[in-house]
Amino acid sequence: MLILTRRVSEIIRINDDISIQVLSVSGQQVKLGIVAPEDVAVHREEIWLRIQAERESVSAA
């Protein structure tokens, strides 16, 4: 795991086509902006887990 410290408006780059920008910090909440190609899925983890569970239930049926 890579751990970084960023301030508001600073950006993290992943490869040539993904960027993550810190939009705001309020208490313990951080708002991020993510720019990625359309073919790259970007989800909060709880949504990703739900998608995976749905895929498993469909493949098991």
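Predicted model: local features only at pLDDT ≥ 70, side-chain atom pairs only at ≥ 80, totals over all residues.

Trainee: How does the radius of gyration relate to that of a compact globule?
Mentor: The protein chain has a radius of gyration of 15 Å, whereas a compact globule of 61 residues would have one near 10 Å. Along the principal axes, the C-alpha atoms fill a box of roughly 45 × 30 × 20 Å.

Trainee: What share of the residues is buried?
Mentor: Buried residues are 8% of the 61 in the protein chain. The chain exposes about 5,700 Å², and 52% of that area comes from carbon and sulfur atoms.

Trainee: And the contacts, what part of them joins residues 24 or more positions apart?
Mentor: Among contacts with a separation of 6 or more, such pairs account for 0%.

Trainee: Let us turn to the strands. How do S1 and S2 pair?
Mentor: Strand S1, residues 11-14, pairs with S2 in the antiparallel sense, over 4 bridges. Ile14 stands opposite Ile18 of S2, and Ile12 stands opposite Ile20 of S2.

Trainee: Where do the side chains of a strand point in general?
Mentor: In a regular strand, they alternate between the two faces of the sheet.

Trainee: What lies between S1 and S2?
Mentor: That hairpin has 3 residues between the strands, and Asn15 takes a positive phi near 55 degrees there. Asp16 also has its place in the loop between S1 and S2.

Trainee: Is Asp16 buried or exposed, and why?
Mentor: Asp16 counts as exposed because its relative accessibility is 75%, and the cut-off for exposed is over 50%.

Trainee: How far is Asp16 from Ala36?
Mentor: Their C-alpha atoms are separated by 9.7 Å, and the two residues are 20 apart along the chain.

Trainee: Now for Ser19. Where does it sit, and is Ser19 buried or exposed?
Mentor: Ser19 lies in strand S2, which covers residues 18-26. Ser19 is buried because its relative accessible area is 14%, and buried means under 20%.

Trainee: Which residues does Ser19 touch?
Mentor: Leaving aside residues up to four places away in sequence, Ser19 touches Ile11, Ile12, Arg13, Gly33, Ile34 and Val35.

Trainee: Moving on, how do S2 and S3 pair?
Mentor: S2 and S3 pair in the antiparallel sense over 7 bridges. Val25 has Val30 in S3 as its bridge partner. The hairpin of S2 and S3 has 2 residues between the strands, and Gly27 takes a positive phi near 65 degrees in it.

Trainee: Where is Gln28, and is Gln28 buried or exposed?
Mentor: Gln28 is in the loop between S2 and strand S3, the latter being 29-35. With a relative accessible area of 86%, Gln28 is exposed.

Notes: Residues numbered from 1 in each chain as written. Heavy atoms only, no water. Rg over C-alpha atoms; globule rule 2.2 N^0.38 Å. Buried < 20%, exposed > 50% of the residue type's maximum accessible area, 1.4 Å probe, protein only. Contact = heavy atoms within 4.5 Å. Areas by Shrake-Rupley, 256 points an atom, 1.4 Å probe, with all protein chains shown as cover. Pairing = 2+ DSSP bridges.
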